[in-house]
Amino acid sequence: MNRRKNQQQVSESPLTSGGILTVGLDIGYGVTKVVTDNTAIAFPSVAGHAREIKFQQEALAAKYPGDQLTDDDGSTWFVGDLALAQLPPGELLRLRGRTANEKTMGNTFRLRLAKAAIGKLAQGMSGRDVVHLRLCSGLPVDHMRDAGGLKQALLGQHLIKTDSTEIIANVTEVMVMPQPYGSAYAMMLTEQGEINVYHTYMRTGVVDVGTYTVDIILDDDGDFVDAESGSVESGVYTAQERIAAMLERDYREKMPHRIVEQVLRTGIFTASGKPVDYSAEVEEALAPLRSATLNLLSEKWQRGTTVDVIYLSGGGAELVYEQVVEAYPQTKLVPDAQMANARGYLHYAHFAARK
């Protein structure tokens, strides 16, 4: 099966006024991913009320195109990388597991991120052209009862107004599935939505290690096995918070999220221009995430004897891979693991259209 090349920036819009564009949209707690047949975009799932930038406004707008979003009520938000770069941590809004009112709060925030994603796809379009879209997305396994609310929030016409785009998005169809199924369909279906003849497994497990949740699903020859699927409110953030606390303890200041993430991925912290080895601290910080992942697998699949293959995906997949494959040797790391769900949503949307 041919693999789509991941593009973090697009030079021209894949949207046109007229026709229907099919989109795979993964609104993750840490990163929002959106893919079409020829485009893949990812940006941090954060937003905050815009503030006046007193210098380099045009340069920042060019560096972070589409990261200034105007809501229907006229309020302006910084989203994604611009929000991380310009807003203090206390002003950043994030999805973190279930909200107090998922329908009115969680899905409002998801809609804002979806608008930002569509705006990035339509970069450069203006004049409020109407573009038609079919969306396929997902929710954590234990949050699937909220699927109806998410569909309701996304369906219909939406004004998409950013610093680089102004269109009317007409969402004609929304499909919602348990998030890890995206990774399953990324392996079980081709890009054209056909059955992947090289996937010969009957019982397929997926472990999706995200920012704030770890989700697993079991598919038995096309059937979702609810009793052996589930979520745990853990994720990469547990390691990020521990590393942030260690750095604040050692240097008496709060570190930006980007620096914490860099330490997590490299094991190196640069202090006053000099590299400091934090690899031992990173291993310590990762212990709760690895334990939570293995505990969920053990609870749902015991030793995994009846699971033919386990696909490991999500932004935290590589952080737990060694521990998971040691306990479950049939584990395979999904290529481009962070984008796998969005890719699979697109594959499934094409499959559904063929049916």
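L111, A114, K115, I118, L135, L154, H158, I160 and V171 line the second largest cavity of this predicted model. That cavity has a volume of about 40 Å³, and a search of the whole structure finds 2 cavities of 30 Å³ or more. A cavity here is a set of points, on a 1 Å grid over the protein atoms alone, where a 1.4 Å probe fits but cannot get out, and lining residues have an atom within 4 Å of a point. Grid points are joined across faces, edges and corners, and a volume is the space filled by probe spheres set on the points.

Residues are numbered from 1 along each chain as its sequence is written. In this predicted model, local features need pLDDT of at least 70, side-chain atom pairs count only at pLDDT 80 or more, and totals for chains, interfaces and linings use all residues, while side-chain values use heavy atoms, with hydrogens and water left out.

**Around the cavity**

- Helix α3 (102-121) gives the most to the lining of the second largest cavity, with 4 residues.
- Both α3 and strand β9 supply at least two residues of that lining.
- Helices (H or I, at least four residues) and strands (E, at least two) are DSSP runs, numbered from the N terminus.

- Two strands pair if DSSP finds at least two bridges between them.
- β7 runs antiparallel to β4 (residues 46-49), and 2 bridges join them. In this pair, V46 has R94 of β7 as its bridge partner.

- Buried means under 20% relative accessible area, exposed over 50%, and partly exposed in between (1.4 Å probe, protein chains only).
- Both faces of β11 are covered: R203, G205, V207 and V209 are buried on one side, and T204, V206 and D208 on the other.
- β12 (residues 214-220) runs antiparallel to β11, joined to it by 7 bridges. A hairpin of 4 residues connects the two.
- β17 pairs with β11 in the parallel sense over 5 bridges.
- Leaving out residues up to four places away in sequence, S313 touches S183, V206, V207, D208, V209, V334, A337, A340 and N341; contact means heavy atoms within 4.5 Å.
- S313 and D215 are 98 residues apart in sequence and 9.9 Å apart in space, C-alpha to C-alpha.

**Two helices with a buried side**

- In helix α9 (residues 317-327), the buried residues are A317, L319, V320 and V324. They cover an arc of only 130° around the axis, which puts them on the same side of α9; the arc is that of the directions from the helix axis to the C-beta atoms.
- E318, E322 and E326 are exposed on the other side of α9.
- The buried residues of α9 pack against β11 (203-209), α6 (236-251), α7 (257-266), α8 (279-301), β17 (309-313) and β18 (331-333).
- In α7, the buried residues are V260, E261, V263 and L264. Their arc of only 160° around the axis puts them on the same side of α7.
- Those buried residues of α7 pack against α6, β15, α8 and α9.
- An α-helix has 3.6 residues a turn, so residues three or four places apart point the same way.

**Positive phi values**

- Most residues other than glycine have a negative phi.
- R252, in the loop between α6 and α7, has a positive phi near 60°. R252 is exposed, with a relative accessible area of 71%.
- S272, in the loop between β15 (268-271) and β16 (274-277), has a positive phi of about 50°. S272 is exposed, with a relative accessible area of 79%.
- G267, which follows α7, has a positive phi near 80°.

Methods:
On a 1 Å grid over the protein atoms alone, a cavity is a set of points where a 1.4 Å probe fits but cannot get out, and a pocket is an open set with protein on both sides within 12 Å along at least five of seven lines; lining residues have an atom within 4 Å of a point.
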